[in-house]
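Here are my notes for your first read-through. Keep the viewer open and check each point as you go.

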Amino acid sequence: MRPVTTRSALLRLLFWMLLGTTAVVGAVSFFEFRRALQSEIATNLQFGASTVMQRIDTFMFSHVENMRVWRGLEVMQDIRVNDVDKRLSHFLSDLRAGQGTVYRALLCTDTHGHIVAASDPAMIGRMAPVAAEWRPIPGTRLDNVSIVPVHLRQGNVVLLRTSIPNAFGKGDIGYLYVLLDWRSVQALLDEAVGNGPRGLLLLDRRGRAVAASSALRHRIDLAQLQLESWVLPHRGATTYIHNGRALGYHALLVGAATSSGYQQFRGLGWHIVMIEPTSVSFGPVWRLLWAMLVVLLLTLGVGVWISSRMAGRIARPIVALTEFARRFRKGESSLPEVPPSAISEVDELHRAYVEMIEALELSREQIVRAGKLAVVGEMAAIMAHEVRTPMGILRSSAQLLQRQPDLGEKEQELIGFILSETERLNRLVTMLLECSRPTPPDFRPHDLHAIVDSVISLLGSRAEHAGVALSRRFGDEELLFECDREQLMQVLLNLLLNALSFVPSGGRIVVSAGRDPTGPWLVVADSGPGVPPAMRQSIFDPFFSRREGGIGLGLTIVQQIVQVHSGEIEVGESEWGGAAFELRFGRR
């Protein structure tokens, strides 16, 4: 199988990531926009249907209220005359003229249905229109007005009828009829939708279409329209998507509302259905889809070009680092020369290589350090065997000579030199042994605050004698830590003795302790001359000492004890410009 290069792998990866991301984002955007647009249009349809239904209810109520008022007028009592009444006819004609084209005709009949007065004189003497089923209009004080839609040769009308009460006795003397021109209702529907793509259907309480807006009237036969599967709310309004085959469409967004009445008029139970074809509603969405496809193709083209250049810019530094790795394996340890790159990951890879080289160099230094410690161990073993025995004999001999009563001042001084130097040699051997073979720690829970206080108590008089303020800085809570108490005391003793050697009179040494999320910590800070940055890496090396007469093993032992306690020690600068040794221990 042919291996895949970094350039080709990155190019393929970027291409498919770009294609997948663009496709997913485009699809999500398309469907979210479609859903939001559908919700907005559906809400608008629902509001429009409710508004139109309210206008029809108001329209019907106004004419029902007119009839209720007219039936009580004094002129209506002229029906009692058994002759054609011209005064009442003129009154009805004036009423019709005042309402414009809303009324087809206004009639007054006797109790037998003979027309005795009419806005159209040609209708006088005829019989009133006959309806199969009069339906009382529901509402407070409106139940004496009845309604029925009828079909005349001149066109559809809504026939309203109310009885005329006898003002001079009991019972009724006749009826007032109003032939409401159905074109007025259709005009309300046409006005509501205008010339837009929407349509309106007015349905009676049984769901039969009784009126439609202009576009639907010319498109379908209302008498043959079947809407059994359509959802009509019992009250309020609703929206949904429905198959528009019955109206000659593929799919429709539907907003339906039910008559809720107006004032004391409780409505006729009619329904308004406002429709809009989804092909029109979602037209912007489909245009957006095509635009997104064009953008997708352009994005893919630009993305392929950018991906190719990016893959090259990523691959070149990686190839250079690969060549460096081969050279480094052959012994060339110079830092890699990597072409400049604006890609952070490539720069990070470069830094990682540099850190790896620095880590290797550090490992080499640690190996050298381990070699030094091994030499210290060998020297300690040899000195413990070869030096301590004769050194003990010298010390014992000097002590015996010191007891002689006839020794002069000069001889006493020389014997003191022998004793002090043998003591110094003994300490040197002891430190070498501790450095080469440290005692295994005995881990037990101890309070670090108590350990610090003990060390400060031991060195308090020495610090006071040197004129140095030795103090500590703790929190209030107990600071427990599993450690070897003696070894930690040795660490603090070495650090404080070193500080006392460098801090002048009038200076200060502060020991701080605390805990953070990683574990406990200790800081020994002083106001001495401090440690130069160039020496901070080698200050823990064996036999490195800045103090006159020092052998350079104290800080080496301190570092070993700290590392055994899963900790780290670093030297920095204190707040007074002196040295600050920071010890951080891991959780135990």
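This is a predicted model: local features need pLDDT of at least 70, side-chain atom pairs count only at pLDDT 80 or more; totals for chains, interfaces and linings use all residues.

1. β13 and strand β15 (residues 508-516) run parallel and are joined over five bridges.

2. Step back to the whole sheet. It is open and has five strands, in the order β13-β15-β16-β18-β17. The pairing is mixed. Which strands stand at the edges? They are β13 (469-473) and β17 (567-573). Each has a single partner strand, so one side of each is left without a neighbour in the sheet. On average, neighbouring strands are turned by 15° against each other, direction ignored.

3. Look next at helix α12 (residues 554-564). Is it mostly covered or mostly uncovered? It is mostly covered, with nine of its 11 residues buried. Among the buried residues are Gly554, Leu555, Ile557, Val558 and Ile561. Just after α12, Ser566 takes a positive phi of about 60°.

4. Move to a hairpin. Strand β1 (residues 103-109) and strand β2 (residues 115-118) pair in the antiparallel sense, over three bridges. Leu107 has Ala118 in β2 as its bridge partner. Five residues lie between the two strands. In the turn, Gly113 has a positive phi of about 95°.

5. Which residues make the nonpolar surface patch of about 390 Å²? They are Val302, Trp305, Ile306 and Met310. Val302 sits in helix α6 (residues 283-329). Is Val302 buried, exposed or partly exposed? Its relative accessibility is 47%, so Val302 counts as partly exposed. The cut-offs explain the label: buried means under 20%, exposed means over 50%, and partly exposed lies in between.

How values were computed. Residues are numbered from 1 along each chain as its sequence is written. Side-chain values use heavy atoms; hydrogens and water are left out. Patches are made of residues with over 30% relative accessible area and no salt bridge: like charges are joined within 9 Å, nonpolar side chains (Val, Leu, Ile, Met, Phe, Trp, Tyr) within 5 Å. Accessible areas come from the Shrake-Rupley method with a 1.4 Å probe; for residues, only the protein chains shown count as cover. A salt bridge is a side-chain nitrogen of Lys or Arg within 4 Å of a carboxyl oxygen of Asp or Glu. Helices (H or I, at least four residues) and strands (E, at least two) are DSSP runs, numbered from the N terminus. Buried means under 20% relative accessible area, exposed over 50%, partly exposed in between (1.4 Å probe, protein chains only). Two strands pair if DSSP finds at least two bridges between them. Axes are lines fitted to C-alpha atoms, for helices over the stretch in contact, and angles run from 0 to 180 degrees between N-to-C directions.
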